[in-house]
Amino acid sequence: MSLIRKPLNRRSILRAGALGGTALAMPTIFTSRAWSAGYLNEPTGSTVTLGFNVPQTGPYADEGADELRAYQLAVEHLNGEGDGGMLNTFSSKALKGNGILGKKVEFVTGDTQTKSDAARASAKSMIEKDGAIMITGGSSSGVAVAVQALCQEAGVIFMAGLTHSNDTTGKDKKANGFRHFFNSYMSGAALAPVLKNAYGDDRKAYHLTADYNWGYTTEQAVRESTEALGWETVETVKTPLAATDFSAYITPVLQSDADVLVLNHYGGNMVNSLTNAVQFGLRDKQVNGKNFEIIVPLYSRLMAKGAGENVKGIFGSTNWHWSLQDEGSKAFVQSFGQKYGFPPSQAAHTTYVQALLYADACERAGTFNPCGVVEALEGFEFDGLGNGKTLYRAEDHQCFKDVLVVKGKENPSSAFDLLEIVEVTPAAQVTYPPDHPQFAGGALGTCNPGA
Amino acid sequence: MFGLNKKDTSLFFLVLLLVVFAPFLLNPFPEGSELAQFNAGYPDLMQRFLIFGIFAIGFNILFGLTGYLSFGHAAFLGVGSYAGVWMMKLLTMNVIPAIFMSVVFAGLFSLLVGYISLRRSGIYFSILTLAFAQMSFSLAYSVLTPITNGETGLQLALDDPRILGVSSENGAIPPANFFGIPMRESFEMSAGGWLFTFNAGYYLCAVFMMIAFYIAVRIFRSPFGMMLRAVKSNQQRMNFTGLNSRPYTLAAFVISGMYAGLAGGLMVAMDPLAGAERMQWTASGEVVLMTILGGAGTLIGPVLGAGFIKYCENIFSKINDNILYGWFSGLPEGVADFLVFVIHPFIGKGWHLTLGIMFMLIVIFLPGGIMEGVERIGRLFKRKSSSDKNSSARASAAPAE
Amino acid sequence: MDAILLQILNGLDKGSAYALIALGLTLIFGTLGVVNFAHGALFMIGAFCAVTLSRLLSLSFVTIDETQKDFLGNPLKVETPYVEAWFGPQTGSAIIDWAVPLAILFSIPIMALVGLFMERGLIKYFYKRPHADQILVTFGLAIVLQEIIKYFFGANPIPTPAPDVFSGSLDFGALVGMDPNVIIYPYWRIVYFLFAAAIVGAVFAFLRFTTFGMVVRAGMADRQTVGLLGINIDKRFTVMFALAAVVAGLAGVMYAPINSPNYHMGMDFLVLSFVVVVVGGMGSLPGAVLAGFVLGILESFASMAQVVALLPGINQIIIYLVAIVILLTRPRGLMGRKGVMES
Amino acid sequence: MEILRVEGVNKSFGGLRALNNVNFSVEEGTVHAIIGPNGAGKSTFLNCLIGRLIPDTGSVMFGDISLTGMKPYEINQIGVSRVFQTPEIFGDLTLLENIMIPAIAKRDGEFKLHAFKDVSKDAEIRDKALHMLEDVGLAEKKDSVAGSLSRGDKRRLELAMCLSQDPKLLLLDEPTAGMSRADTNNTIDLLKRIGDRGITKVVIEHDMHVVFSLADKVTVLAQGAIIAEGKPEDIKGDPRVQEAYLGGAHL
């Protein structure tokens, strides 16, 4: 063994040590990241490490666990194990089931705790300690934006998990960050026509909005889309994130002349506010000669489970649902169901797809260099991953695809069969110009390879 | 030396050595070995050790000396962080003005909170500080979003003015730096299978930490420090001795608030984002736990407590089943399965459980925290050596009879 | 007017929950002098007693129905609860439906045991230790308890509905001659309020009219003297701890249908309950109940859109703000005694 | 010369009149004892002197400064120190520190942010404290924790703490309560010795032996009012005092 003189990074040394095992008595070598060529955490051994940063504790831990399951499945498929899942239906055939660029995929996991600080700390440790070349995951927009900014600064790719706020690819967009999940605007745009059909164009809406960033953008999106239909917004009230009992916010709704309640809530907030709203008999109420209705703009099956019976008949939107019958979805549900015994959630789906898309982009770019990956993903069009034809738009790194409008199922046949798809809103209907006011401000900047 | 007595000087140099050589000490396992999982010598965690060490040292000046248990110190750290990020947004990416303003703002805020809260003592004081901190957190998360950027946390943007610096460099936000040295910059040194990282940010933290530690030692040994201990011991007597305890406690409160602000400023200097969660009561609780775990009222205990908790948080939470199977790969499958089954609840997402159990064990068996453990071990050795002496003394006395 | 009435009603049941938790907390503090940070966890365990019972009652055996398919296309496995098989579908489903009220009976022995183990196994070693140690060890215990619950029940809220009979709501306005459909109040919340009132009444009666209660009250006032009288106060205090655990547990059981239980609901309530206890006055039982209702109602008022429009964010901080004002104007809370918890 | 003058002081708790129009003055350099049966208002009176209680009416003048409404630490700063019935010391601190604190308070005032001085190198204060400890015979225990002392030692420590401030007026609340006869005699000796320094003392005492060995003047308080005042030997023979205080028994 001679001295290793090529640009050093943690992984290469790790592998050199592990493989050779003879490098122990080597003289010391000093190097600085600023001098080394190439890019941060360049994998030089036979493996490549991805960082899965999901909430393992805190209110979204179950969603995080489902994301982690999907990532493990994706890693299996990328490494050529298992049945291949959506690799078989993916329109791009660059991936060969031998890892990424011939390197076996390994992963490290971290806990975001659904806190910006903790999420960044865990992402940093994966980058600095474990040499992760890409960070992905998360189940809230605050965390997604915070980690995306970190990855931009550090110089690795960030493939967002479940994040629905407009800002992730709006004012907080970053060149190194990509979002497959849909967003508040798309929810509003997809929901509005369905709501018009179901409830007419003369409605008075009352919004309860979780008092944080995601709540604001969702309220704005739904309000603007429904007002465009002719609905009137009677009142918008912000509710504290920490609230568990929403009765004090629900009862004023009874006294307003609103006939629709929009719950811009997610997770535990949504479960509790919806349960309270139903308890207070809102759904049995008649106002202005119409049945009182409740809408939940962002639905998730895991949350619907928490709300139990109360979701029946309530409209919302979702990124993906396991009952979709396209080949990609079927393959994914089959593969996931076989391994874990229950169908995947939308969080699992989007993270699985993100992992595949990243791997495919590296494969097509022929490098792990973030700038190469960014180039390969920008403007990339694909199909077969469960949402129909999809475009990764270059201007804001947002995926444009069909959006599902769903409704709580009246007669579920199993514990997983809680939502039924009412309409698949085509991508064209939810597409907006990159400079749409809801997304204004901020700039992508340029890709950062970190070296 | 530096006005410290001999014992404190050697303690100071011990801490200095530990801090300077931490990149070696925290990476005892060669890269690629199974135990590398337990290495803590990467910049982010090392910075955190020092930053939370500073936070805990400051908290200890209040709690350890005066006995006033504040449940709101995270608010000062948060205010410091926000002030720091705003400095980087408005002024320059040089971290010094940011850190300076962090300390100033945290000091001012703690002056306000302390002035009101110190009208009460005991648990009433604790609840008052808790109430202030929770109000700060709730408002920062919601209504104050224009200042704090709410849930996401206050972060830098490409179009920030930065009037003394540049808004952007080649399409990127310029890195936080100390007169041109980026905080992210690291030297890596490899020796055999080992890899050691020397990070610029870490050493900046180290400088501040040593200053903070030095000031704390001086305060502990000063008349002022003695008065603070007097507050804890008997406030009544203090008042009848001609001392006004309120300004003493307030000064201690503000000093510890400024330490918290310094920690907040360093946090954003290392990683320029300030999240509202760092003001939550659980974050305040964390520094209480650090201080008590390490040993309240001792000089170095809080630093050890901070290191202990941050280590658990960052290392245990990252161990998953795959890694466990890796460790036990030499064992028969059934045994490995069983071991993984037993350990599983305590690692990865179960790290809170481990932390909770450790807290309980330490509080039950070592009320004085880690420092008491160290002392007990020390005493054990001393007793052994002194009993040796006794026996040798007896032995030498024997022939004379 | 009706808006105000409604918010008072809303405040009542939130206040009930605060009052019940704070009652136990202050009972433990008053008798044992222990600051129990694990008290919220007892509330949470109570709620999970309801979840557990409804799960136990729904334990099922599996039959395979070839005519239906599951999501993977395999034959559907149909689950039938044992209770339904044993008692017939009608009675069986009725039993499952009544899981939450049944859980009251189920939870009493469990909570008493949990309380007993906590006191004998841990808390009693901390009577003489500083409050900070008590806070730390019970905080550790709270973390451990909630992590255990999370390990078995997951992190998501688990819906635990009230019996169907209580699922509707009462048109309160129509009852008192106002417009219908304006003042509506869910039946279960009325049940909760009445239940809480009954529990508070029972605890007070127990302390006032039984010898046991008298001794305990005397012990709260002056522990040493009572000890000198040769009364084994420790044993009684153990019982008090168990009682406080049962009260917190029952509060949790009945709260399950109002908000689906999750593992961190205890922590959510803990801080607020502490504020309630302190505002009421440490160690004062009537103070805890009073403060519980006062803060519950104030919180409801602060949530009104008109109020929030006037003072943005007030709904987020009202409880803390009130706590600060009360502590500064009334140093020992609303009904606190002198010398408790002061150096 | 009068060092302390109390005029027309009244203090009530609820309906209970604890002090009823008390007029009282202390001559500089004397030892003035206040005696009276339990519940006579002695402690209330002392508390009014040091600012722990504020009299309802009346004035308390220390020299030409009115003490009414002053904070306890302000009263101490102008030269009034107090020894409590149950010793109030800094139990967690060493004996030396216990004495250094009042000495620093005397020198530096009610508050000084001397956070960077090394207290152990403050020779002036340290010497004074050591000296004081020697005076009360506790020098060899200077580094032990004060809380571990016996009750008698604690009281001597407290006395030393007060003396280290060179007070103009020293208030002693039953300085020998609960002490053995030997300890009591030691304390009397000690108090006599410090009498030589010219410190004015007001002593509340139950123990007649102590009162008569120390006091230059005695005031008798009963039911919140002064019923007699005079030299010890006069008081001894005063029938009103025997009636009210000693219940007619002969001394």
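Student: How many residues does the contact take from chain A and from chain B?
Tutor: This is a predicted model, in which local features need pLDDT of at least 70 and side-chain atom pairs count only at pLDDT 80 or more, while totals for chains, interfaces and linings use all residues. Residues are numbered from 1 along each chain as its sequence is written, with chains lettered from A and ligands numbered from 1 in the order in which they are written. Two residues are in contact if their C-beta atoms, placed from the backbone, lie within 7 Å. On that basis, chain A gives 50 residues and chain B gives 43 residues.

Student: Which element supplies the largest share of the side of chain A that touches chain B?
Tutor: Helices (H or I, at least four residues) and strands (E, at least two) are DSSP runs, numbered from the N terminus. Among the elements of chain A that each supply at least two residues to this side are helix H1 (10-20), strand S3 (104-111) and helix H3 (116-128). The largest share, 7 residues, comes from H3(A).

Student: Which strands are the edge strands of the open sheet of 6 strands in chain D?
Tutor: Two strands pair if DSSP finds at least two bridges between them. The order in this sheet of mixed pairing is S6-S7-S8-S3-S9-S10. Pairing on one side only marks the edge strands, strand S6 (80-83) and strand S10 (225-230) of chain D.
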